[in-house]
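I would ask you to look at the sequence and the structure before I comment on them.

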Amino acid sequence: ALGGSELLPFLARAIPSSVTHLTFDNVLSNDAALSLAHSLKSTYEEGGDEETVGSRTVKGSIHALAITNSPHINEAIFSSLVESIYGISSPLQYLRVLDLSGNFLGDAGSAKVLFIALSSSSSTAIERLDLSRNDIGEGSFVKGVLEECISNEPKLEVLNLSQNNFREGDLVIQLAASLCDVLAKLVSMDLSGNELSDSFLGALGGSLAFNSQLVNLNISNNQFSSSSINSFLSRLHNMSKSNASTQLSFVHLGGNAPSLAPNQEMVLNEILSANRRRHVSTYREQQRNVVPLPLESDSDTNALSSVSDITGSGSKSSEKLPPAEVITVLFSAPLVWRDGDNAYHPIEMLDFKREKSLLWQCFSEASRNIDLSYDNATTDRLQAVMTRGCKYLHFSGHGHPYCLTFEDGSGGIHWFSVDQLKALISGGLEDGKPPFEFVFVSACHSALAGQTFVDCGVPHVVCCQQESQLMDSAALSFTRAFYLALAFGKTLRDSFEIGKHAVASCATVLKPEEEMEKFMLLPQDGNHDVPIFDVEEVREWPRRKKNGTVNSSRSNDSLPTPPQGFLGREADLYHTLNLVLNRRFVNIVGPTGMGRFSLAAALCEYIDDRKSTLLFDCIYFIKSKLKRPVVGKSSPIISLHDELFSLGKVEALSEGADLDEIIKGILVSLKQTKSLLVFDKIETLDGTTNAQDLHFFLGQIFEQTKDVHVLVTSNQSIGLSPLVSVGESVYNLGPLNFRNTVKLFAFHCPHLHSSRKRKELLDELVSHTGMNNRLAEDNEIAERIKSTLGGGIPAKTFAVAYEITAEAFQDLKRVKEDQAAEESQELTSAGEGEENGKDEMTAEESQESTSNGEGQENDKDETTAEDCQQVASNQEGQENGVNETTAEKSEELTTARGDQRNFNIERAGDSD
């Protein structure tokens, strides 16, 4: 079959769209596999936004792909096949099932595939993955992927890693730990035939206690001792009794060496049978409580009732539930800080999406009557939280020994000292009651802030030691385990200890014993042997509101999301934010690929997360419709009208409606609101009537509304003449600096599988080129590397990252060594030249030098006393001037440092 397999890729291209499953079982030669990779990469239509991932449309809709039992296909070709799945415009974005079993991909090849399945930046949403029989072995690369994706939203539901010769090692411990994070959504997991032993089974037992999704676990044909199995069965028994939400119903231990004793098999069957009976009973109970929809309904009353029945808001069980307990999460992400010379310095943004996702996942798993409320950390919002009577507060932000790093309301930093904090809290106390029952300060160096809350009467405070800097992975591991235990009704002290032990057992934390001791529970002599939450279980979490909607961590899900790896634009984001806040018309100008769309999307997300502070009622983002040939449908005005209609804010367009009628409807809907309209890539309208219509529309917006602001992205200024009484504020977007160019490349490069590897590349390239000083951009090596990586243009850097070969990547890493060798050779040559020059000095030159020396001595002797006096006077004046200047500079430096407050905000990135 291999001889004629070259035709199969062409057949794959010709299949109709109704075919959703493709299987190639030991039929592809190397040439055929390479052709298939090229075929997949070319099966899409050009179009959309060149700056975004996944912006092209796909001709096919393959849901399942299997390339199995083909160990003869070489590694490079398989890598090309993998890239066709993950690429910027993957034709397999609808892929849900991927089977690559029996191909002997090895550790590195399997890691690439697993990264696609787990990465939040992947264009696919693979739910079932089979990597069995691929000889992964110790799996250092696979382990790195699991570490890298630890906080990503879980997507995989079925994972088969059987017969991969894992044996013992760090990988199997990480696999067990991942059941609590990136593999927490798994329904079925197969690790059979891997010669696993007791250490894995112990780690697995600990992880299963925090997992409520796994139904089927196959760990047969391994090497667990009898005592280890007894311990595992005991954990399963205790877990089934204490964790009613566990779904584990099938555990396969057949073929173990030694075999299970009859009593062990009996105990296992009893535990799993009890779990299955409980699940069936729970399911039947739920079905009895579901009120079926009426077959027909002609009245609005019946329609509303049916919605209530579906959401459960009208059910008996929901009526019994008291109001939910609410944890308020205040997050602080200032974009810049300003020094004494009014120079702006970017602050690297923390990844709050990861923390939000982790908290969401934690309380979803607990399914308790507890809600999460998000707000940004400003003094006004803290005061509002206290006024509302919030009992539970979680602050997340950068760390500083003497301040909480709040936001100033416009993207800058507010140094909120502990004295100011104490004054604000104390001013809002009533009748001596504590301001909060519990506070979690999730920031480095937060002991002083934590103690301030204690001094104000808060009985329970979790924080970090004053001199300590937390690793992100340690903070996330502690937070998840702590809140999960707290939600299940554990005491605060027990939950704190569970959180610390989660850090100690986390495979991604460097020096875990040291990290776990950085967490503090204050006051140290307080009574923490009390539960914080005593709440009932809910059928679904989050609970639906009375109108049938669900609480969400994001208020506007229609806004585009910034691309994965968006970085290095903090200062640009700050300046455009303040332009949008203070000007009604802002234009982000830059060439294609510079990241205009990304910056605009990030700005909208930043504003949307801060509606309580920045006070925009609505944001409407109208994407470019480049290369969509339907005449009349590419008008951004019609797109805006369509979005307003979908929200019920305008009426449907009548047949034959003219532009004036459309604009009038839009103006009426926006007139009493403070809204932000965003139009992306308006240069695509040039030369069309749509461009003229847009200019006219913007003039009407500015003339007939007061609080509607407009942001556009374009490759040039659009001019002021069509607009009424509003000027155009242009923000020119430039390339990334060298450091951020390297960071962006490292983030997307498939040859780097973990944060440790990315950090090593960053340190190797950036530290060598001296990028930490102001002259760094003029560094020859830096410019050479930056040019190779796309010149700081994000779209080019992205393309280079995914297209660079393994050989070219190694050459990039050797730039430092090559440059050092060249410099060494130049120094050697220069030294030899100087020696030769010295040897060739003639006697005549020597005599001339001697004569000149004698002349200079005579000149020195002829210096008069008057000249000496003048020199002394000049020196004295210079010294006085130096002293005065030094004093002035010292005062300026002191002032600057005072403004800077010895700026040292930090939340440690994982050094591992």
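**Helix α14 and selected side-chain pairs**

Let me begin with helix α14, where D419, A423 and G427 are exposed on one side, exposed meaning over 50% relative accessible area, buried under 20%, and partly exposed in between, with a 1.4 Å probe and protein chains only. Please note that this is a predicted model, in which local features need pLDDT of at least 70 and side-chain atom pairs count only at pLDDT 80 or more, while totals for chains, interfaces and linings use all residues. Residues are numbered from 1 along each chain as its sequence is written, and side-chain values use heavy atoms, with hydrogens and water left out.

Helices here are DSSP runs of H or I with at least four residues, strands are runs of E with at least two, and both are numbered from the N terminus. Which residues of α14 are buried? In this helix, which spans residues 418-427, they are V418, L421, L424 and I425. Seen down the axis of α14, these buried residues fall within an arc of 125°, so they line one face of the helix; the arc is that of the directions from the helix axis to the C-beta atoms. They pack against α13 (379-387), β14 (403-407), β15 (413-417) and α15 (447-455), contact meaning heavy atoms within 4.5 Å.

Q264 counts as buried because its relative accessibility is 4%. Leaving aside residues up to four places away in sequence, Q264 touches S226, I229, N230 and L233. With the side chain of N230, the side chain of Q264 makes a polar contact at 2.9 Å. A polar contact is a pair of N or O atoms within 3.5 Å; within protein, one must be able to donate a hydrogen and the other to accept it, and residues adjacent in sequence count only if both atoms are side-chain atoms.

Finally, the salt bridges, each defined as a side-chain nitrogen of Lys or Arg within 4 Å of a carboxyl oxygen of Asp or Glu. How many are there by this rule? The count comes to 17 salt bridges. One of them joins K143 and E147, with the closest N and O atoms 2.3 Å apart. Because K143 and E147 are 4 residues apart in helix α5 (residues 140-148), about one helical turn separates them. Both K143 and E147 are buried.

Another salt bridge joins K391 and E325 (3.3 Å, N to O). This pair links distant parts of the chain, 66 residues apart: K391 is in the loop between α13 and β13 (392-396), and E325 is in strand β9 (residues 325-331).
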